Amino acid sequence: MLENMRTGTFNFINDAVALPTVGNRPLIYQDPRFALFTQFQGFISTFTANHIPRMWNDYIKRGTPAMKYNTFVLMSTMI
């Protein structure tokens with residue numbers, strides 16, 4: 001039971017928070033030749049590659065006007 005809760009919590013956090021990992025970053029960030037230029041942009045690349053498209057599909061396309069405004073403000077703040 002406790003192990004299932006830990007696994008569920010871990011999966012929820014990894015899905016909800018923009019954590020830069022090998023699977024959710026653009027390929028240019030995995031190339032060692034560009035490491036000097038891309039090493040400090042893990043969060044931004046993860047946010048723009050994963051969370052902005054999800055917010056666009058969930059909140060802006062099908063959301064109420066208040067949700068659209070709040071999503072726009074959130075994206076502007078994050079970027």
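User: What makes the pattern of the protein α-α-α-α when read along the sequence?

Analyst: In this predicted model, the protein has 4 helices and 0 strands, where helices (H or I, at least four residues) and strands (E, at least two) are DSSP runs numbered from the N terminus, and the pattern along the sequence is therefore written α-α-α-α. Residues are numbered from 1 along each chain as its sequence is written, and side-chain values use heavy atoms, with hydrogens and water left out. Local features need pLDDT of at least 70, side-chain atom pairs count only at pLDDT 80 or more, and totals for chains, interfaces and linings use all residues.

User: How confident is the predictor, and which elements have the lowest and highest mean pLDDT?

Analyst: On the scale of pLDDT, the predictor's confidence in each residue from 0 to 100, the mean for the protein is 75, and 81% of its residues reach 70 or more. Among the elements, helix 2 has the lowest mean, 73, whereas helix 1 (residues 2–16) has the highest, 80.

User: Why is Ser45 called buried?

Analyst: Ser45, which is found in helix 3 (residues 42–60), has a relative accessible area of 3%; buried means under 20%, exposed over 50% and partly exposed in between (1.4 Å probe, protein chains only), so Ser45 counts as buried. Leaving aside neighbours within four places in sequence, Ser45 is in contact (heavy atoms within 4.5 Å) with Arg25, Pro26 and Tyr29. Ser45 and Arg25 are 20 residues apart in sequence and 6.2 Å apart in space, C-alpha to C-alpha.

User: Why is Leu36 called exposed, and which nonpolar surface patch includes Leu36?

Analyst: Leu36 lies in helix 2 (residues 35–38), and its relative accessible area of 64% is set against the cut-off of over 50%, so Leu36 is exposed.
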